[in-house]
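This report goes through one protein chain by topic.

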Amino acid sequence: MLKRVLRCQKFSARHLLYRNESSANVYIHWPYCNKICTYCNFNKYLNTNVDHQRLLSCLLTEWRVLSDRHQITSADTIFFGGGTPSLMHMDTIEALVREISGSKGALEVSLEGNPGDLRG
């Protein structure tokens, strides 16, 4: 679910990896939707019985392993795509952003969403 696109130089097709020093641009795929649209070719599942805690744990583990393997200390951007990432619990999003941002003070965060799913 977590694909890292890092800028420049080295490339690894498996992880879509472009390295630039110790920072990254991160894509997190949230594969759940309230309905399955026939036009969408992305990996997707119905939003039933989603174990948010387990997915958060898996995403954090994947970030830690990949960032350690590639000596990445923080991210410049995080993009949540899907599926419908606006169906994620807010505490899941907060935990991911907090962990991935590292010691960096500011970064860009984008999230795809359906207006009806967003609650403030």
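## Aromatic pairs

Tyrosine 45 has a relative accessibility of 44% and counts as partly exposed. The model that contains this residue is a predicted one. In total, 3 aromatic pairs are present in the structure. In one of them, tyrosine 27 and phenylalanine 79 are stacked, with ring centres 5.8 Å apart and an angle of 20° between the planes. Tyrosine 27 belongs to strand β4 and phenylalanine 79 to strand β7, so that this pair bridges distant parts of the chain, 52 residues apart. Phenylalanine 79 is partly exposed, at 32% relative accessibility.

Tyrosine 45 also takes part in a pair, with tyrosine 32: the centres are 6.1 Å apart and the planes meet at 45°, so the arrangement is tilted. Because tyrosine 32 sits in strand β5 (residues 32–33) and tyrosine 45 in strand β6 (residues 45–46), the pair ties together parts 13 residues apart in sequence. Tyrosine 32 has a relative accessible area of 15% and is buried, whereas tyrosine 45 is partly exposed. Together with Trp30, Tyr32 and Tyr45 make up one aromatic cluster.

## Overall layout

The chain contains 2 helices and 8 strands. Read from the N terminus, the order of elements is β-β-β-β-β-β-α-β-α-β. The chain has 120 residues, of which 41% count as buried. Among contacts between residues at least 6 apart in sequence, 66% join residues at least 24 apart.

## Nonpolar core

How many residues does the largest nonpolar core have? The count is 22, and the residues with the most contacts inside this core are Val26, Ile28, Trp30, Ile78, Phe80, Leu96 and Ile100. Four elements each supply at least two core residues: β4 (23–30), α1 (52–69), β7 (74–82) and α2 (90–101). In soluble globular proteins, nonpolar side chains tend to be buried together.

Leucine 96 can be followed in more detail through its contacts. With neighbours within four places in sequence left aside, leucine 96 is in contact with Ile28, Leu56, Leu59, Leu60, Phe80 and Met88.

## Packing of the two helices

The axes of α1 and α2 come within 10 Å and cross at roughly 10°. Since angles under 35 degrees count as roughly parallel, α1 is therefore roughly parallel to α2. On the α1 side, His52, Leu56, Leu59, Leu60, Trp63 and Arg64 take part; they meet Thr92, Ala95, Leu96, Glu99 and Ile100 of α2.

Alanine 95, in helix α2, is buried at a relative accessible area of 16%. Apart from neighbours within four places in sequence, alanine 95 is in contact with Leu56 and Leu60.

## Cysteines

How many disulfides does a search of the whole structure find? The search returns 0. For cysteine 33, the nearest cysteine sulfur is that of cysteine 40, at 6.2 Å; a disulfide needs the two sulfur atoms within 2.5 Å, so cysteine 33 is in none.

Are cysteine 33 and cysteine 58 buried or partly exposed? Cysteine 33 is buried, with 8% relative accessibility. Cysteine 58 has a relative accessible area of 44% and is partly exposed.

Notes. Residues numbered from 1 in each chain as written. Predicted model: local features only at pLDDT ≥ 70, side-chain atom pairs only at ≥ 80, totals over all residues. Heavy atoms only, no water. Core = buried A, V, L, I, M, F, W, Y, C linked by side-chain atoms within 4.5 Å. Buried < 20%, exposed > 50% of the residue type's maximum accessible area, 1.4 Å probe, protein only. Contact = heavy atoms within 4.5 Å. Phe/Tyr/Trp six-rings, centres within 6.5 Å; stacked < 30°, edge-to-face > 60°. Axes fitted to C-alpha atoms, helices over the stretch in contact; angles between N-to-C directions. Parallel < 35°, antiparallel > 145°, perpendicular 65-115°, else oblique.
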